[in-house]
Amino acid sequence: MRDVVKTFPAVRALDGVSLEVRRGEVHALLGENGAGKSTLMKTLAGMFVPDSGTIAIDGREVQPKTPLEAKALGVVLIHQELSLVEDLTVAENVFLGALPRRRLGFVDWDKLHRQTAGILQRLNCDFSSTSLVADLSIARKQMVEIARALTVDAKVVIFDEPTASLTDQEKLVLFDIIADLKAAGVGIVYISHRMEEIFRISDRITVLRDGTYRGTLETAGTNEAEVTRLMIGRTLDYSQNREAVAPGEIVLETRGLCCGDLFQDVSFTVRAGEVVGFSGLIGAGRSELAETLFGLRRPTAGTILMNGTSVLVGSPSDAIRHGISLVPESRKEQGLVLGMNCRDNITLPQIDKLRAGPFLSSAGELEIYETYQKRLSIRSPSWRQLVRNLSGGNQQKIVIGKWLAMKPRLLIVDEPTRGIDVGSKAEIHKLIRELAHGGYAIIVISSEMPEILHVSDRIVTMYHGRVMREFSAAEANESSLVQAISGIA
Ligand SMILES: Nc1ncnc2c1ncn2[C@@H]1O[C@H](COP(=O)(O)OP(=O)(O)OP(=O)(O)O)[C@@H](O)[C@H]1O
Ligand SMILES: [Mg+2]
């Protein structure tokens, strides 16, 4: 790709970017949220037509105008935002637009399911080709998205943040698949905000900043600090305000909380001014616990107390009334209205409060938006921009802003920095600490061990739906946590 320019109304997303991918190489594409990574790859995959610049495959200039044309040229994009059809089966999604047919045009269902089953097996998937996509977890949906790419005889496969919702186990399977593709001479573009992955699997790294090309480096000849500097134009400050605040009174307490076979007998407290981290493997029950506290699930036994009073949380509006907010794990499905603008997404839960007569008081709303836009450095040309048009990481910041704007007493964040670039990640960690300082009680759920260790005052570990052990920040380290979450007493 040479000198590619792509503009949107009010945004110059790509300003003369070049990228060269060789056969059998893993080429990492790095840059802050909104730097233009997904846009560059969407022009390669026929989803956007560039304003200028050229694309050549095997030395031949091409102009893919639709994803199908790109596919025919051997370019496959595995999307950052899942793009599956929820009410179709796994097999139908995997072969969408290219269902195997018998003569007379009837779909060959046997062949469809046989071929899909083969791919699922290669990916070590534990669900069947006949499952409905709507019934799958996000991680499994991600695997379906990857399965789709394996149906094509590809020259270039693009992974846009593929591991954001995968477990460590699934990640290893993905890395095996990437190694296979590489060995077969496929060129791979790999987008991720996780440096350890970049350094583990890539051969070269290209860095974008603000839609411009900042350079290409051999992975073996560089390091995280150098790459980060190229990405954000400064060195990262990891130090943080960590002086011990005496925790305040107990804000949340659960006693013997159960939810069917999802989790049992969960008892813990969170005090004002305290960040309590929840560590556990996928399926340990952490997200389900958060959903129960937020009224999305009904506890089957036990009590929830807010400020010492037992409360019934039958719905999210009950939870909000009691001062409980949840930044959910899957923002796209639970947190955002994509067709609405940035301001309205942030003020959505408070519309009743802000409503002045039959009209919304726009000034108040705008003020709220601007406060959180600045605090979270949300990159958007204006409050009017539709959330659909923001980059993945900036969409995520909108969800966080929305729940912060509620000024809850208890804030639960589930995987708060998934898909967030390293610079903003440090910002969000700082923000979580600041909020605790300001008297919020905070629960952080994260599958990233360093993140949990970094932000928490106390860490609760869960295994198979039960609380294993509690650690203070001082006594916890990666190996003690790994033992606890794997059920090793
Ligand atoms: N369809 C669109 N309409 C308007 N603006 C867009 C559209 N798609 C992307 N943009 C803008 O282009 C810029 C680059 O976005 P892009 O999605 O490529 O970022 P990214 O590097 O993939 O970021 P992230 O790491 O957050 O996924 C952003 O400012 C984004 O808001
Ligand atoms: Mg992106």
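A polar contact is a pair of N or O atoms within 3.5 Å; within protein, one must be able to donate a hydrogen and the other to accept it, and residues adjacent in sequence count only if both atoms are side-chain atoms. This is a predicted model, in which local features need pLDDT of at least 70 and side-chain atom pairs pLDDT 80 or more, while totals for chains, interfaces and linings use all residues. Side-chain values use heavy atoms, without hydrogens and water.

**View 1. Polar contacts of ligand 1 with S38, H193 and G36.** The side chain of S38 places an N or O atom 2.8 Å from an oxygen atom of ligand 1. H193 has a polar side-chain atom 2.8 Å from an oxygen atom of ligand 1. From G36, a backbone N or O atom lies 2.9 Å from a ligand 1 oxygen atom. Ligand 1 taken alone exposes 640 Å², of which the protein buries 91% (accessible areas by the Shrake-Rupley method, 1.4 Å probe).

**View 2. Residues around ligand 1.** By class, the shell holds five nonpolar, twelve polar and two charged residues, with Gly counted as polar and Asp, Glu, Lys and Arg as charged.

**View 3. Elements and domains contributing to the shell around ligand 1.** The largest share, three residues, comes from α1 (helices are DSSP runs of H or I, at least four residues). Domain 1 (2-232) and domain 2 (250-485) each supply at least three residues to the shell, the bounds coming from an automatic or database domain assignment.

Methods: Residues are numbered from 1 along each chain as its sequence is written. Chains are lettered from A and ligands numbered from 1 in the order in which they are written. A residue is near a molecule or strand if one of its heavy atoms lies within 4 Å of it. Helices (H or I, at least four residues) and strands (E, at least two) are DSSP runs, numbered from the N terminus.
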